[in-house]
Amino acid sequence: MIQTIIYQNIQVSVPNLVAILDRSLAIFAGLLAITLLAVVTAGILSRAANMPFVWTDEISGYLMVWLACFGWMIATRRGSHIRIQNFQNRLPAPAWLVLERAFQLAMMALGAIIAWKSIHLIQVNSDVEAVTLPVPTALLYVPLLPAGLLTFGQAFAELLRPRAPTDVTGAKLL
């Protein structure tokens, strides 16, 4: 009885938590895009006034990397990355499933490698200061860690999800 109640609460709360995290990713990406637009505009206006801000180019680069990584995470969660399945969809169901599992295992490996290597990049760049900003260049590599972990986790969830050859819809975590 108690186990059933706990299990039901976990079942209900995990999808809610995932939905909150998905929404948070989208909101943060939107804020990054607005910030990038403001910084680029400030750079353009300061150059037009013949008093250029030296920091706008560097911070724009940081913001573009962060925005690209958040876009990658959103696309991974929505299952909206470009994936050409023409060949795979022509296979018989058992072969389709084997190829799908192999693809998800490859995505897990890719996510794990990116997450692992990002830790190294963050560590070796933590004491290197940016040229025009008083921040470490390690900040450039920080979004690779959650992006790699999310790619790994999404692929793992997709690997566990029962699928049929006709099921090529968007991603569902848990």
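Author: Axes are lines fitted to C-alpha atoms, for helices over the stretch in contact, and angles run from 0 to 180 degrees between N-to-C directions. Helices are DSSP runs (H or I, at least four residues), numbered from the N terminus. The model is predicted: local features need pLDDT of at least 70, side-chain atom pairs count only at pLDDT 80 or more, and totals for chains, interfaces and linings use all residues. Residues are numbered from 1 along each chain as its sequence is written, and side-chain values use heavy atoms, leaving out hydrogens and water.

Reader: What makes α2 roughly parallel to α4?

Author: α2 and α4 pack at an angle of about 10°, with axes 9 Å apart. Angles under 35 degrees count as roughly parallel, over 145 as roughly antiparallel, 65 to 115 as roughly perpendicular and the rest as oblique. The pair is therefore roughly parallel.

Reader: Why are α3 and α4 called roughly antiparallel?

Author: Helix α3 (residues 93–125) and helix α4 (residues 144–160) pack at about 160°. That angle places them in the roughly antiparallel class, therefore the name.

Reader: Which residues make up the largest nonpolar core?

Author: It has 10 residues in all, among them Leu25, Ala29, Ile74 and Ala147. A nonpolar core is a set of buried Ala, Val, Leu, Ile, Met, Phe, Trp, Tyr and Cys residues joined through side-chain atoms within 4.5 Å, where buried means under 20% relative accessible area (1.4 Å probe, protein chains only). The largest share, 5 residues, comes from α1.

Reader: What does isoleucine 74 touch?

Author: Contact means heavy atoms within 4.5 Å. Not counting residues up to four places away in sequence, isoleucine 74 touches Leu25, Ala26 and Ala29.

Note on methods. Helix = DSSP H or I, 4+ residues; strand = E, 2+ residues; numbered from the N terminus. Buried < 20%, exposed > 50% of the residue type's maximum accessible area, 1.4 Å probe, protein only.
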